Amino acid sequence: MPLRLPAGTRLAVSIGPDFDAQSVWTGTFKSASQSHLSRGEFGAEVAVPRLLRLFDRYGFRTTWCTPTHTMQTFPAAFRSIVDAGHEIAAHGVCHEPIVQLEPDEERRLMQRQIRLHEQIVGVRPKGYRSPAFDVSDVTFDLLEEFGFTWDSSLMGRDFEVYRPRLVTRIDPENGNSFGPPRDVLEIPVSWYLDDFPALEFLPRSTGMQSTEAVLQRWIDSFRFAREQCEGGVYVLTVHPQTIGRAHHLVMLERFLDEVTSHDDVWLATLSEIAGCWYDD
């Protein structure tokens, strides 16, 4: 279903940082390595100012999906994002592995991050992005219970906002069953449009790929979305500790030059995009 975008525009674009800092290493990768932690520190202390200058130069606001662990560990860097007028979305407490949590623990952490958003940011978050793009069978129940408007963790579409249906029964012989569409809107993501797996160094990974190849994939996807998916959305996920490296930042600038060369493209926050949804 298309969005009702501002007049004269055909595609909404979100370039949103996941400000994981050190929590991605301790939460997802279960690492206490000082080398890993220093990469998170780089993201906060060096990359955040670089990104804020870049976004200011191009004149648009972004949505920073931020674990509360990051807010507490790097308060000055986080406050600079808020002061610059960018949106803050929920992204877990400590980049916890959602699918490994018991339902009661997932609820506790959801309540904690909402409380910390109210204390540190000053407002409840409107949107949620699961750490590592993964949700449990109860995540959407919690999002609806606690009043979230949108989620950005699933991949059931590529350039279309939609109401997600969760698989309620897996049956290899007779086909799977879906539940009803959820109230929370889904603004889809993709590992193809994410800097971390393609560019970050991890042992036994396919990272540290050519920036030329990654940039071409991002641009090809953007051009397809703009030309063939009118009323759609293009979501690029970046991580300060990854995209903030010099050669990656140059690549992002080249991508932004492509996007901003079109007058019919709207650079927006995820909540602004969700606000353009309409039901028939």
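Start by selecting Y234, L252 and F255: they have the most contacts inside the largest nonpolar core, which holds 44 residues. Such a core is a set of buried Ala, Val, Leu, Ile, Met, Phe, Trp, Tyr and Cys residues joined through side-chain atoms within 4.5 Å; buried means under 20% relative accessible area, exposed over 50% and partly exposed in between (1.4 Å probe, protein chains only). Now colour the elements that each supply at least two residues of this core: β1 (11-17), α2 (34-58), α4 (75-83), α7 (195-199), α8 (211-228), β9 (232-238), α10 (246-260) and β10 (265-267). Helices (H or I, at least four residues) and strands (E, at least two) are DSSP runs, numbered from the N terminus.

Before moving on, note that this is a predicted model: local features need pLDDT of at least 70, side-chain atom pairs count only at pLDDT 80 or more, and totals for chains, interfaces and linings use all residues. Residue numbers start from 1 along each chain as its sequence is written, and side-chain values use heavy atoms, with hydrogens and water left out.

Zoom in on L252. Beyond its neighbours within four places in sequence, L252 is in contact (heavy atoms within 4.5 Å) with I15, L51, L54, L236 and I243. Apart from this core lies another, of 20 residues; pick L5, W150, I273 and A274 to see some of its members.

Next, show β1 by itself. 7 of its 7 residues are buried. L11, V13, I15 and P17 point one way, while A12, S14 and G16 point the other. Look for G16 and its bridge partner T237 in β9. Then bring in β10, which runs parallel to β1 and is joined to it by 3 bridges, with V13 partnered by L267.

A21 isn't a glycine, yet its phi is positive, about 50 degrees. Most residues other than glycine have a negative phi. A21 is buried, at 3% relative accessibility. Hop to K30, in the loop between α1 and α2, for another positive phi, near 55 degrees; K30 is exposed, at 57%.

Finish at F178, in strand β7 (residues 177-178). F178 is partly exposed, with a relative accessible area of 44%. Select V167 and I170 too: with F178 they make a nonpolar surface patch of about 310 Å². Such a patch takes residues with over 30% relative accessible area and no salt bridge, here Val, Leu, Ile, Met, Phe, Trp or Tyr side chains joined within 5 Å. A salt bridge is a side-chain nitrogen of Lys or Arg within 4 Å of a carboxyl oxygen of Asp or Glu, and areas come from the Shrake-Rupley method with a 1.4 Å probe.

How values were computed:
Patch = residues over 30% accessible without salt bridge, like charges linked within 9 Å, V, L, I, M, F, W, Y side chains within 5 Å. Pairing = 2+ DSSP bridges.
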